Amino acid sequence: MATLLNAQALINSERPWLLITATPSEDFPNAFFVKAVSHGSSPAQIVSYSDVRIAYCPQQQAMPAEPQYGEIATPDTPIILVSGESADITEISKESARGAIPPEHLASVKDWDDRLYVYGVVSYHDLIDPHPQKPHETRWCFRYIPNTKGDRLVQDGPTGYNRHT
């Protein structure tokens with residue numbers, strides 16, 4: 001039994017972890033690429049991901065505890081990442097993010113009274129695990145911050161929107 005536990009601990013320590021980043025586009029002002037970046041020693045294969053979701057939260061209204069992701073997509077071709085590699089998951093533009101805000105409330109978002117979030121989920125398998133049970137999951141959420149010097153995305157949001165399994 002101890003040997004099995006040691007083997008499982010080794011697999012867990014070497015498994016991939018997909019972390020999500022949002023980087024500004026160099027070609028398009030106020031657009032961001034959301035990327036899955038692989039960390040860990042073994043390769044990961046992305047098996048599904050959600051469309052980007054946008055949530056507007058006026059004043060002190062809280063987001064639901066658990067996110068609703070809508071449609072989940074499966075890649076047309078396999079996306080396999082080794083440690084340090086990344087893959088674009090989606091793109092978020094200023095227009096799409098700001099389009100979710102009632103125009104009369106844009107100033108409130110700029111003043112940090114209201115909040116605008118973009119979020120999603122990525123599921124993946126550890127390609128080294130000989131008996132994968134179910135895919136690992138990375139939930140991600142960023143707060144959209146409009147700014148005259150350039151909009152930003154900052155990791156934020158409730159725990160249920162920022163989880164790794």
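What percentage of the residues of the protein count as buried? In this predicted model, the figure is 38% of the 165 residues.

Let me begin with the overall picture. The protein is built from three helices and ten strands. Reading from the N terminus, the order of elements is α-β-β-β-β-β-β-β-α-α-β-β-β. Taken along the principal axes, the box filled by the C-alpha atoms is roughly 60 × 35 × 25 Å. Of the contacts between residues at least 6 apart in sequence, 68% join residues that are at least 24 apart.

I turn next to the surface and the charges. The accessible surface amounts to about 9,400 Å², and carbon and sulfur atoms account for 53% of that area.

Now to one part of the fold, the pair formed by β1 and β2. Strand β1 covers residues 17-24 and strand β2 covers residues 31-39; the two run antiparallel and are joined by eight bridges. One of the residues involved is T23, whose bridge partner in β2 is F33. Together β1 and β2 make a hairpin, with six residues between the strands. In the turn, N30 has a positive phi of about 60 degrees.

Within β2 I would draw your attention to S38. Is S38 buried or exposed? S38 counts as buried, because its relative accessibility is 0%. Which residues does S38 contact, leaving aside its neighbours within four places in sequence? They are P16, W17 and L18, together with L81, V82, S83, G84 and E85.

Finally, the cysteines. How many disulfides does the structure hold? The count is zero. C57, accordingly, is in no disulfide, and the nearest cysteine sulfur to it belongs to C141.

To close, I would recall two points. The hairpin of β1 and β2 has six residues between its strands, and S38, in β2, is buried. Thank you for your attention.

How values were computed. Residues numbered from 1 in each chain as written. Predicted model: local features only at pLDDT ≥ 70, side-chain atom pairs only at ≥ 80, totals over all residues. Heavy atoms only, no water. Pairing = 2+ DSSP bridges. Helix = DSSP H or I, 4+ residues; strand = E, 2+ residues; numbered from the N terminus. Buried < 20%, exposed > 50% of the residue type's maximum accessible area, 1.4 Å probe, protein only. Contact = heavy atoms within 4.5 Å. Areas by Shrake-Rupley, 256 points an atom, 1.4 Å probe, with all protein chains shown as cover. Disulfide = S-S within 2.5 Å.
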